[in-house]
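Please look over this model with me.

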Amino acid sequence: KEQIDYVKTVHSSSDALLALINEILDFSKIEAGKIELEKQPFYLRELVESSLDQIASKMAEKHLDLAYIMENDVPQKLVGDSTRIRQILANLLSNAAKFTEQGEVVVSISSKHLGEDQYKIHFQIRDTGIGIPPDRIDRLFKSFSQVDASTTRKYGGTGLGLAICKQLTKLMGGKMWVDSEVGAGSTFHFT
């Protein structure tokens with residue numbers, strides 16, 4: 001039993017280290033202008049549902065509700081970089097689960113038709129977590145920065161995830177922002 005516990009610790013530590021290395025590599029590629037976006041067809045509903053599946057067990061452990069709402073006019077088949085969209089969604093969902101102790105996390109997806117075959121897809125990830133003080137929101141999207149040191153100690157993280165997500169969103173022609181209220185939760189948006 002003790003050896004199994006050691007193996008589980010080594011496994012979770014190696015997963016954390018791999019995630020850190022991948023974040024640093026992504027950050028380096030973005031900074032060097034070497035990231036290449038794919039343009040492949042994908043099904044949006046499948047992408048969203050697989051992203052939710054990745055976080056579902058963590059949400060269940062914390063007894064949190066997890067849901068998504070996709071408006072009827074959102075196109076189901078899109079062309080773009082599904083890997084990068086999934087990466088952004090996974091990061092935002094992971095953060096929402098990390099900073100929410102009770103309540104829910106809800107993903108909402110809407111779209112705006114821009115003409116011809118062009119759409120702007122708007123994702124919202126709303127949680128009922130701890131929220132962010134207004135004077136600290138500017139720190140969220142800066143590299144190696146977090147809301148405060150106590151947050152880093154309690155919840156972990158490198159301060160790279162949101163910076164990477166914001167840059168990826170920008171590379172895909174979109175933007176990222178957040179609305180938040182301390183004690184009432186946050187809503188992260190990206191297009």
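1. A definition to start. Ala, Val, Leu, Ile, Met, Phe, Trp, Tyr, Cys and Pro count as nonpolar; Asp, Glu, Lys and Arg count as charged; the others, Gly among them, count as polar. By that scheme, the lining of the second largest pocket divides into 14 nonpolar, five polar and six charged residues. Bear in mind that this is a predicted model.

2. The second largest pocket holds about 760 Å³ of space. Its lining has 25 residues, and those closest to its centre are Val79, Gly80, Gln118, Tyr119 and Met172. Strands E3 (77-80) and E5 (118-127) each supply at least two lining residues. E5 gives the largest share, five residues.

3. Next, the helix pair. H3 (82-98) packs against H5 (residues 161-171) at an angle of about 145°, and the axes lie 10 Å apart. The crossing of H3 and H5 is left-handed.

4. Which residues of H3 and H5 meet? From H3 come Arg84, Gln87, Ile88, Asn91, Leu92 and Asn95. From H5 come Gly161, Leu162, Ile164, Cys165, Leu168 and Thr169. By class, the contact of H3 with H5 has six nonpolar, five polar and one charged residues.

5. Thr100 sits in the loop between H3 and strand E4 (104-115). Is Thr100 buried or exposed? Its relative accessible area is 0%, so Thr100 is buried; the cut-off is under 20%.

6. What does Thr100 touch, leaving out residues up to four places away in sequence? Thr100 contacts Lys62, Leu64, Val105, Asp127, Thr128 and Gly129.

Key. Residues numbered from 1 in each chain as written. Predicted model: local features only at pLDDT ≥ 70, side-chain atom pairs only at ≥ 80, totals over all residues. Heavy atoms only, no water. Helix = DSSP H or I, 4+ residues; strand = E, 2+ residues; numbered from the N terminus. Buried < 20%, exposed > 50% of the residue type's maximum accessible area, 1.4 Å probe, protein only. Contact = heavy atoms within 4.5 Å. Axes fitted to C-alpha atoms, helices over the stretch in contact; angles between N-to-C directions. Left-handed = near helix turned anticlockwise from the far one by under 90°. 1 Å grid on protein atoms, 1.4 Å probe; cavity = no way out; pocket = protein on both sides within 12 Å on 5 of 7 lines; lining within 4 Å. Points joined across faces, edges and corners; volume = space filled by probe spheres on them.
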